[in-house]
Amino acid sequence: MSGPNGEPHVPAGNVGRGEEGDGDGFGETEYAAINSMLDQINSCLDHLEEKNDHLHARLKELLESNRQTRLEFQQQLSEEQNMQADVQGPHMDI
């Protein structure tokens, strides 16, 4: 049914000739082949959209995780600086 690249197999003898001789250059076989290709493209686009949505969700999770880690690190650093200041005692600048 499909060629090596996923294209529908259309016999070379039918390409460009309408089966009904209506003069438009396309017959039922060609329209069916085009419809099949469009269905495959639509399916691929749906799959890409799903992957994109999944990646977007994962990136949002990663961003939030990094934001939380950064806040915790800043909080820890601030606490350590406060502890060092308490140990050193007040400075008398004259």
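Q: In which helix is the place of Tyr31?
A: Tyr31 belongs to helix α1, which covers residues 28–88. This is a predicted model, in which local features need pLDDT of at least 70 and side-chain atom pairs count only at pLDDT 80 or more, while totals for chains, interfaces and linings use all residues. Residues are numbered from 1 along each chain as its sequence is written, and side-chain values use heavy atoms, with hydrogens and water left out.

Q: How many helices and strands are there in the protein?
A: There are one helix and zero strands; helices (H or I, at least four residues) and strands (E, at least two) are DSSP runs, numbered from the N terminus.

Q: Why is Tyr31 called partly exposed?
A: The relative accessible area of Tyr31 is 45%, so Tyr31 counts as partly exposed. Buried means under 20% relative accessible area, exposed over 50%, and partly exposed in between (1.4 Å probe, protein chains only).

Q: Which residues of α1 are buried?
A: They are Glu30, Ala33 and Ser36. In the protein, buried residues account for 5% of the 94 residues.

Q: What span does α1 reach from its first C-alpha to its last, and what is expected?
A: With 61 residues, α1 reaches 89 Å, close to the expected 90 Å. The expected span is 1.5 Å times one less than the number of residues.

Q: What makes the pair Arg67 and Glu64 a salt bridge?
A: Their side chains meet at 3.2 Å, N to O. The definition asks for a side-chain nitrogen of Lys or Arg within 4 Å of a carboxyl oxygen of Asp or Glu. The search of the whole structure finds one salt bridge. Both residues lie in α1, three residues apart, about one turn of the helix. Arg67 is partly exposed because its relative accessibility is 36%, and Glu64 is partly exposed because its value is 42%.

Q: What is the average pLDDT of the protein?
A: The average is 82, and 68% of the residues score at least 70; pLDDT is the predictor's confidence in each residue, from 0 to 100. Over residues 14–20 the pLDDT is below 50.

Terms used:
Contact means heavy atoms within 4.5 Å.
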